[in-house]
Amino acid sequence: MLTGAEVAKHNGRDDCWVIVHGRAYDVTEFLPEHPGGQKIILKYAGKDATEEFDPIHPPDTLEKYLDKSKHKGPVDMTTVVHEKAEESPEEAERQKQIEQMPLLEQCYNLLDFEAVARRVMKKTAWAYYSSAADDEITLRENHAAFHRIWFRPRILVDVEKVDYSTTMLGTKVDLPFYVTATALGKLGHVEGEVILTRAARKHNVIQMIPTLASCAFDEIVDAAEGGQVQWLQLYVNKDREITRRIVQHAERRGCKGLFITVDAPQLGRREKDMRSKFTDGGSDVQKGQATDGSQGAARAISTFIDPALSWKDIPWFQSITSMPIVLKGVQRVEDVLRAIDAGVQGVVLSNHGGRQLDFARSAVEVLAETMPVLRELGLEDKIEIFVDGGIRRGTDIIKALCLGARGVGIGRPFLYAMSAYGFDGVDRAMQLLRDEMEMNMRLIGATRVDELNPSMVDVRSLYHHGSVPADSLSLSAYDPLVSPPQRAP
Ligand SMILES: Cc1cc2c(cc1C)[n+](S(=O)(=O)[O-])c1c(=O)[nH]c(=O)nc-1n2C[C@H](O)[C@H](O)[C@H](O)COP(=O)(O)O
């Protein structure tokens, strides 16, 4: 059994051991390959790194990926000295906010979770989740666009019984939204994506499992129960053999949809994320791929993504899986028509939550452009159209369904609810959406989602990107870019 003092001797760049879960590992040769950069490992050279390691990596990461010769064996943890990190004023303030945070019952809508999360999350985690590309115009437009769509409700309709269930890629779901793929769930909560799995199960909605999850893929699938349906979101790897393995494994494990992300040949420049100088490490899938951690989390976890991905690759995907294929991140009707020609089963109209190309249009505006063209060509039943981005209210969901969406994906709200209140937070967020759907379906005069149609909305101002009513709730939660860099005193 090693002692803490013996491990502490290996505390430099040329001889670097760390302790994780009571076992010592020689990571000297791995240092340059670490996705999150070398700095974060060297900070724990010769010490116990478990607390820093866990929020980002599945527990079996080192056992699985580090050569056995580097496993130095168990450590007598009673002999390990844990330096109490000096609590920074920022961390002291965060702890105070946690003590004073509102009761879960005081959250009445999805934006309430965002406002709480902003105060209680660690800076790096908030920066990664909340950030978007460049000036974050599209991030805000995603939400604002819904405020340019008005309802044309029907009256004197018997709305005693309301059914907001639907089907997505052949799966019956209780609500017309799904949990979209968002990376690094353990940045926000120690359990990570499996919390979203459990909440999706409770509300019988689908979870899209991210390639860049912090939980291992099998951990997330194992957390599903009773025939719960999950989809796989795929960032295509430059090494197609790795991609083939991931896709075929997901199909074997029961995934019922392959969502290929097509709007991220390179992950966007998210300045809040970059400023937080992400050094916490990569996702589960990022083993052994050198990246530059100083560029924030996005850069630190995404160098494997293939920018050469193109339409010519679609037949290869159709040859390696029988899962329905959906292109996630389509942003113009011409590409929806190409997707139909290519024989894929669906598209997600999306700009990646504003995290990619700033000034990309909102998905709901692209939806309003797309559906009349598909109807004109008699193609509306040839493909399932999903939208995501800025969906915060039941009315946003209903507007999208009126315009022809099959369902909507929701990202940040469930991350914020999870980060602030764990499973109970996500459960309440989904229940709030259920309540809003029920009320607003009644008020619009519809009893089932297939009654929702374009005559129930007025989109005349949707295309005019003039000023829109001040969106105080969102603006009060919205976190402007942190102050520009200050010269050190
Ligand atoms: C908030 C968020 C979104 C991410 C996301 C991570 C976060 C924290 N990540 S990312 O790190 O690479 O950008 C992914 C991802 O893994 N794969 C993906 O297809 N979309 C990713 N997205 C985009 C997501 O799937 C939706 O398109 C977007 O979140 C919808 O907007 P809302 O957050 O406003 O609901």
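**The ligand and its surroundings**

In this predicted model, the largest cavity is the space that the ligand takes up. Two elements each give two or more residues to the shell around the ligand: α7 (123-130) and α18 (412-444).

Which residues come nearest to the ligand? Of the 24 residues around it, these are Tyr-128, Ala-181, Tyr-235, Thr-261 and Arg-392. Sorted by kind, the residues of the shell comprise eight nonpolar, 10 polar and six charged.

Arg-392 has a polar side-chain atom 2.7 Å from an oxygen atom of the ligand. For Thr-180, a polar side-chain atom lies 3.1 Å from a ligand oxygen atom. In the side chain of Arg-270, an N or O atom is 3.2 Å from an oxygen atom of the ligand. How much of the ligand's accessible area does the protein cover? On its own the ligand has 650 Å² of such area, and the protein covers 100% of it.

Now turn to the strands. Strand β2 (residues 15-20) and strand β3 (residues 23-26) run antiparallel and are joined by four bridges. In this pairing, Val-18 stands opposite Tyr-25 in β3. The two strands form a hairpin with two residues between them. His-21, in the turn, has a positive phi of about 50 degrees.

β3 also pairs with strand β4 (residues 71-74): the two run antiparallel, with three bridges between them. Here Ala-24 stands opposite Gly-73 in β4.

Note on methods:
Residues numbered from 1 in each chain as written. Predicted model: local features only at pLDDT ≥ 70, side-chain atom pairs only at ≥ 80, totals over all residues. Heavy atoms only, no water. Near = heavy atom within 4 Å. Polar contact = N/O pair within 3.5 Å; in protein donor to acceptor, adjacent residues only side chain to side chain. Areas by Shrake-Rupley, 256 points an atom, 1.4 Å probe, with all protein chains shown as cover. 1 Å grid on protein atoms, 1.4 Å probe; cavity = no way out; pocket = protein on both sides within 12 Å on 5 of 7 lines; lining within 4 Å. Sits in = over half its atoms within 2 Å of the grid points. Nonpolar A, V, L, I, M, F, W, Y, C, P; charged D, E, K, R; others polar. Pairing = 2+ DSSP bridges.
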